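Here's a walk through one structure, taken a piece at a time. Keep the 3D view open and follow along.

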Amino acid sequence: MKMTTAMIALCLAAAGGLAAHADAQTLPYRVVALSGDPAPGTSGGVFWRFTSVNNLPVVNAAGQVAFLARPTVGFFEGIWSEGGGSGLALVAGQLDPAPGTPAGVAYAGFNSFFLDAAGQAAFVASLTGPGVDTTNDSGIWSEGGGTGLALLAREGDAAPGTPAGVVYAELPIRDIAVNAAGQAAFVASLTGPGVDTTNDSGIWSEGGGTGLALLARKGDAAPGMAAGVDFGSFSRDGRSLVLNGAGQAAFGVPVNSDEIPASERGTLWSEGGGSGLALLARSGTAGPGGVDFDALEGVVLNAAGQAAFWSGPNSSVPGHRIWSEGSGSGLAVVARTGDPAPGTPAGVVFDLLSTRPLLNDAGQAVFSGTLTGPAVDATNDTGIWSEGGGSGLALIAREGDPAPGTPPGVVFGGLNVFNDPPVLNAAGQVAFKRPVTGPGVNSSNNRGIWATDSDGELTLVVREGDAWDVDPEPGIVDARIVSDLFLTNNSGGGEGRPTSLNDDGLLVILLKFSDTTQGIFVVDLSAPEACAGDIADDFGTLGADGMISFGDFLALLGLIGPCPGGTPGCTGDIADDFGTLNGGDGMVSFGDFLALLGLIGPCP
């Protein structure tokens, strides 16, 4: 049984540096960084702003966070990380010397960053300084080699696996892949002797474990296909390239051949089978069950080498389909246009499916889509579906459904199914940002972040307009009103993309507040759920443990008196002076002890 909003608002917990939401939050969290906090590695500077929508905080398997920030002193922006294991530290700052480049060459700006399982950072940056021009003004740096920050590739550098004199012409702006082992892969264009429009792009990867190597180049023979069938152009946007924890890559690319009609040239490739690069799917050819592939997009690859992707309509079988190898029994359709949409009334079916499906390391797929059918209109025609519960495809959230953690009548708003994907972890937990509509909703509170908890139930993490306590100290409340919220999305956790959600259920979010300050927080989606009176463990240490026991009474003794600032709902304030539950009165007193007596035992 879930707590009511009133109960939640009265139950603030703090354990191991995790504070509790000052409004209606069941989930503990810790503060990573706030505006005004000291910015390590600067000359007395403090954090001012944290990143932009294209460079949001990321979390690794160990719960360590990396982020882009702008300090008040020292330089315009930099990347900070907890990956060193000894607290927050500066990885690289604007105008710092760029390793692997000549004296005087420095970072001009940062375009993306990653944090592997060992806490090693990688990023794409632009350059400035002597000899820097448009032919060599960007590069990729990584700590993945284990010997500190090193240059992996720079525009104008020799491209491994190509003839002498051939160099990188352009590197990706931000879309590279970096897996949990710190190995990177990217698409780049080429220039130099013998380079023309037939061979001017390729993919390089560290996944083989022997350093950076050419994986595939435009004009190379496509493995396993007929003689004369070659790889076409590789797109530098990187969205069609992924790299799993085993160093196996998957990507999409058209093939070139006079013998193949244009409608059959779209291909997806994968190393997931463990025996080298192999064709996964080709447009215009029959897939499993005799269903023809057509347009192919959104390939992803998990740690087991299983792939998932989207295919579009064709003349023989119209509609969209999500394909996955996650079941372990080969490639199969997870969902298709016209299929009944789980969690909806009879007759309601999928209409369009997102081109950006996700697949976690457990082989579970998540995707968004639109609906058609009886009573479907513009107020309820989008949703998110997941296999994360382990019992087949299930609806996670639908436009028009009540939004958990909000007042009666407030419902989920519309979703851009092609441009706003969720995030997924190996435990099957899903998190997403979504608008809401309904009574009392306006521009100051019309968006929120929701996630599935350790029981698979959808829970509000934070909503615009909420009061969020930015001070982790028990008994101290520094509540600020949330004006905007962000999380890194479009990751299943195992394909080499940055993620905001790790497999332990730790979710990193960026919040902006109405007083213009900002903060980065890690929310624990897998922590024991608190209930009214559950303020401490069995030993009286503040922090919910899912039980109301003698430890909670011990903790209450140390809290007797007015709530800080006289604000009702502080830790321990669960009743009024007469012991009436949910009657927080701004005092921790005998009435709270009376209420606690009636609650002894496990939380509901």
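Let's start with strand β33, residues 447-452, in this predicted model. Five of its six residues are buried, so the strand is largely enclosed by the rest of the structure. Buried here means under 20% relative accessible area.

Who are the neighbours? Strand β32 (residues 430-437) pairs with β33 in the antiparallel sense, over five bridges. Strand β34 (residues 458-463) also pairs with β33 in the antiparallel sense, again over five bridges. To see how the strands line up, find I449 in β33: K433 stands opposite I449, and I449 in turn stands opposite V462 in β34.

Now follow the chain from β33 to β34. The two strands form a hairpin with five residues between them. In that hairpin, G456 takes a positive phi near 85°.

Positive phi values turn up in residues other than glycine, too. One is A375, with phi near 65°. You'll find A375 in the loop between β27 (365-372) and β28 (382-386). Another is N490, whose phi is near 60°. N490 is also in a loop, this one between β36 (479-486) and β37 (506-513). N490 has a relative accessible area of 11%, so N490 is buried.

Next, move along to helix α2, residues 550-557, where L557 is found. L557 has 54% relative accessibility, so it counts as exposed. Together with F550, L554 and I560, L557 forms a nonpolar patch on the surface. The accessible area of these four residues together is about 430 Å².

Last stop: the cysteines. How many disulfides does a search of the whole structure find? The search finds one, and it joins C563 to C570, with 1.9 Å from S to S. If the term is new to you, a disulfide is a covalent bond between the sulfur atoms of two cysteines. The link of C563 and C570 has -70° about the S-S bond and is left-handed. And where do the two partners sit? C563 is buried, with a relative accessible area of 3%, and C570 is buried as well, at 7%.

Technical notes
Residues are numbered from 1 along each chain as its sequence is written. This is a predicted model: local features need pLDDT of at least 70, side-chain atom pairs count only at pLDDT 80 or more; totals for chains, interfaces and linings use all residues. Side-chain values use heavy atoms; hydrogens and water are left out. Helices (H or I, at least four residues) and strands (E, at least two) are DSSP runs, numbered from the N terminus. Buried means under 20% relative accessible area, exposed over 50%, partly exposed in between (1.4 Å probe, protein chains only). Patches are made of residues with over 30% relative accessible area and no salt bridge: like charges are joined within 9 Å, nonpolar side chains (Val, Leu, Ile, Met, Phe, Trp, Tyr) within 5 Å. Accessible areas come from the Shrake-Rupley method with a 1.4 Å probe; for residues, only the protein chains shown count as cover. A salt bridge is a side-chain nitrogen of Lys or Arg within 4 Å of a carboxyl oxygen of Asp or Glu. Two strands pair if DSSP finds at least two bridges between them. A disulfide is a pair of cysteine sulfur atoms within 2.5 Å.
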